[in-house]
Amino acid sequence: MENRWTETYPDPLDDCVQASRLLGAEPHLVLHGGGNTSVKVTVQDITGEQVEVLYVKGSGWDLATIERPGFAPLRLDRLRQLVQLEELPDSRMMNELRCALLDAKAPDPSVETLMHVLLPHTSVLHSHSDAVITLTNQREPLVKAVYGDKVVVVPYVMPGFKLARVAAEIFQNQLTDGIVGVVLMNHGLFTFGDTAKEAYDRHIQLVTEAEAYIGQQTTTAEANPADPLTIARIRKEIGPMIVSRHRDPATMAFVNRHDLADVATRGPATPDHIIRTKRVPLIGRDIDAFRRDYRQYFAANATDGLVMLDPEPRVILDPELGMLTIGKRATDHERPGLILSLGGVSSSILIDS
Ligand SMILES: [Zn+2]
């Protein structure tokens with residue numbers, strides 16, 4: 001992945017804005033609205049007191065277009081108290097975070113704010129890098145093989161206070177001087193540094209190392225011809241949505257695997273993808289069966305007040321057709337690649353078209 005850093009600004013928050021926009025511009029790092037970034041600075045408050053502040057990405061802002069008001073300023077001393085708690089339900093955590101703001105009009109701080117508190121470095125960047133989660137989403141994770149001892153690994157925990165608690169325990173012993181990043185299993189990557197540039201350089205470096213490793217493992221196959229009428233029928237059946245077709249060699253190799261149904265239906269690579277991909281892709285062409293399964297899945301798991309989304313598939317994998325991606329808006333396709341986590345090292349594949 002190319003390092004696109006251009007200039008360094010005197011104000012650390014401006015540097016953080018730049019690093020955020022560079023991450024946001026890479027669809028292989030974050031989807032729209034995903035990922036988060038922060039910077040720790042000392043400011044003088046209205047009574048003249050020096051206050052340590054964490055500026056962290058606010059909800060509702062997209063990294064690609066974020067500006068200074070998109071960062072929520074929080075009192076760090078209060079946040080450090082909160083991470084000491086044994087338990088804190090996420091709804092109360094969000095309330096406590098709002099109460100720690102220095103600006104009543106600031107956006108809600110990211111649900112991953114406490115991770116930024118636990119990392120003591122000035123600048124912290126977090127993405128859901130496709131390449132990094134490809135390393136983690138294997139039967140035998142490859143993180144150590146690729147990165148050795150320069151990253152700390154945190155097992156999968158849903159983002160929120162529980163993740164911060166688990167990370168706090170691990171960081172206590174393992175977050176030593178030589179560490180340049182934290183890999184969250186089945187989730188993403190944190191890097192950090194004394195400046196936004198240092199954190200960004202490390203981010204791009206670790207992602208590039210993961211990409212290089214995956215590149216060595218990727219296999220390819222010849223594309224088969226497909227009947228255009230079949231595609232037209234699928235478009236019609238799915239209704240008013242945009243359907244994109246992907247038939248590059250890596251995609252065709254993947255959809256022709258004999259164990260496709262097994263490896264492609266283990267859930268998305270990171271929870272952030274589920275909004276675009278749904279829980280599982282449709283394997284083959286039986287759209288009615290997919291809708292039936294989706295309705296049953298929703299009925300079995302629905303809690304009070306939840307409203308079911310439309311039951312149409314968002315990804316179709318078929319040995320002849322290749323991969324079809326489906327979305328209501330063109331932005332649902334803004335990310336050209338789709339990662340599917342597979343079972344073993346030799347079958348690791350990054351679908352990119
Ligand atoms: Zn995340």
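## Glu86 and its contacts

Apart from neighbours within four places in sequence, Glu86 is in contact with Phe161 and Arg165. The model described here is predicted. Glu86 and Arg165 stand 79 residues apart along the chain, yet their C-alpha atoms are separated by 7.4 Å.

Glu86 is placed in the loop between helix 2 (76-82) and helix 3. Its relative accessibility is 63%, and Glu86 therefore counts as exposed, since the cut-off for that class is over 50%.

Glu112 and His128 are a pair that links distant parts of the chain, 16 residues apart. Glu112 belongs to the loop between helix 3 (90-99) and helix 4 (113-118), whereas His128 belongs to the loop between strand 4 (123-127) and helix 5 (130-136).

Glu112 counts as buried because its relative accessibility is 6%. His128, at 7% relative accessibility, likewise counts as buried. The cut-off for a buried residue is under 20%.

## The largest pocket

The volume of the largest pocket is about 480 Å³. Its lining comprises 20 residues, and those closest to the pocket centre are Val111, Glu112, His128, Pro159 and Asp272.

Domain 1 (12-216) and domain 2 (228-352) each contribute at least three residues to the lining of the largest pocket.

## The second largest pocket

The second largest pocket holds about 400 Å³ of space. It is lined by 17 residues, with Ile274, Ile275, Lys278, Leu309 and Arg314 nearest its centre.

At least two lining residues of the second largest pocket come from each of helix 12 (274-277), helix 13 (287-301) and strand 11 (322-327). The class composition of this lining is eight nonpolar, one polar and eight charged residues.

Technical notes
Residues numbered from 1 in each chain as written. Predicted model: local features only at pLDDT ≥ 70, side-chain atom pairs only at ≥ 80, totals over all residues. Heavy atoms only, no water. Helix = DSSP H or I, 4+ residues; strand = E, 2+ residues; numbered from the N terminus. Buried < 20%, exposed > 50% of the residue type's maximum accessible area, 1.4 Å probe, protein only. 1 Å grid on protein atoms, 1.4 Å probe; cavity = no way out; pocket = protein on both sides within 12 Å on 5 of 7 lines; lining within 4 Å. Points joined across faces, edges and corners; volume = space filled by probe spheres on them. Domains from an automatic or database assignment. Nonpolar A, V, L, I, M, F, W, Y, C, P; charged D, E, K, R; others polar. Contact = heavy atoms within 4.5 Å.
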